[in-house]
Amino acid sequence: MSTTADPLAALGALPGVADSVDSVRKAVDRVYGHRVMRRRSTAVTSEAALRGARGSAALSGADWPLEEVRRRSDFSGTGGDEEARTIGAALRLTAEAGQLLSIWRQSPLRVLARLHLVAAADNGDTVGRPRQGGEAVDEPLVELPLPDAQEVAGRLEGLSGLIIAGSSAPALVTAAVVHGELLALRPFGSHNGLVARTAERIVLVGSGLDPKSICPAEVGHAEQGRAEYLAALEGYVSGTPEGVAAWIAHCGRSVGFGARESTAVCEALQRGAA
């Protein structure tokens, strides 16, 4: 990452990133300009939240049909149903994200700790705090080298400092960096992917790019597939300009797919079919 005074803004100047930012802005604006948004935006937001949670859970190994997620009411995972627990965690995080927007810019580490607590739904002594030396990480779908606890602590502080200081970087760039850093670090003992994607959502909403949370990037990440998601993440972890730019572009396409999904929801509501 750049050592300039505003490193996030420097990433925004990478080749191709401006095009991704422009494409995302246009896609989001088209959804917000839909006539349904003038009178039924709450319904679109609710549906986007459900679809976003389903997409995030799919990337964490619980790829359930949307209607099954909509139908079920028990996600406690009784009987050892880990997929149900994952879906439940994703749904709780989506609901919690909107409550944490005002805290994010002042205390992002506090928000991340809260997200992990909500995802884990557990009061164990490893929940809601970054992992310490020697503690295991349960994140089997991300097989990148795992940074040690000391590096995690330092990079989390650095990320927090960037958020608190603010940046002139486009929201897409900041959201992609937050998402990528959290997945690269896997700072918690579990649920890092779910937390990372929720943090991305918080940035996109809190920045004003998607203030009503109707363009779920999680849908797009899932639609592009786990293999492409992990390949893009490897590019980010590489730290090369090309790799980081490719990750930002991947996140941009994900927001675009989320916008397309919500456009379809708007069309269905307009027809009276949803």
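A search of the protein atoms turned up one cavity of 30 Å³ or more. Here a cavity is a set of points on a 1 Å grid where a 1.4 Å probe fits but cannot get out, and a volume is the space filled by probe spheres set on the points, which are joined across faces, edges and corners. The model is a predicted one, with pLDDT of at least 70 needed for local features and 80 or more for side-chain atom pairs, while totals for chains, interfaces and linings use all residues. Numbering runs from 1 along each chain as its sequence is written, and side-chain values use heavy atoms, with hydrogens and water left out.

The largest cavity comes to about 40 Å³. By class, the lining has five nonpolar, one polar and three charged residues, with Ala, Val, Leu, Ile, Met, Phe, Trp, Tyr, Cys and Pro taken as nonpolar, Asp, Glu, Lys and Arg as charged, and the others, Gly among them, as polar.

Then there is the largest pocket, at about 550 Å³. A pocket is an open set of points with protein on both sides within 12 Å along at least five of seven lines. Its lining takes in 26 residues, with Glu 82, Thr 86, Asp 138, Ser 190 and His 191 nearest the centre. The pocket lining splits into 13 nonpolar, six polar and seven charged residues.

Terms used. On a 1 Å grid over the protein atoms alone, a cavity is a set of points where a 1.4 Å probe fits but cannot get out, and a pocket is an open set with protein on both sides within 12 Å along at least five of seven lines; lining residues have an atom within 4 Å of a point.
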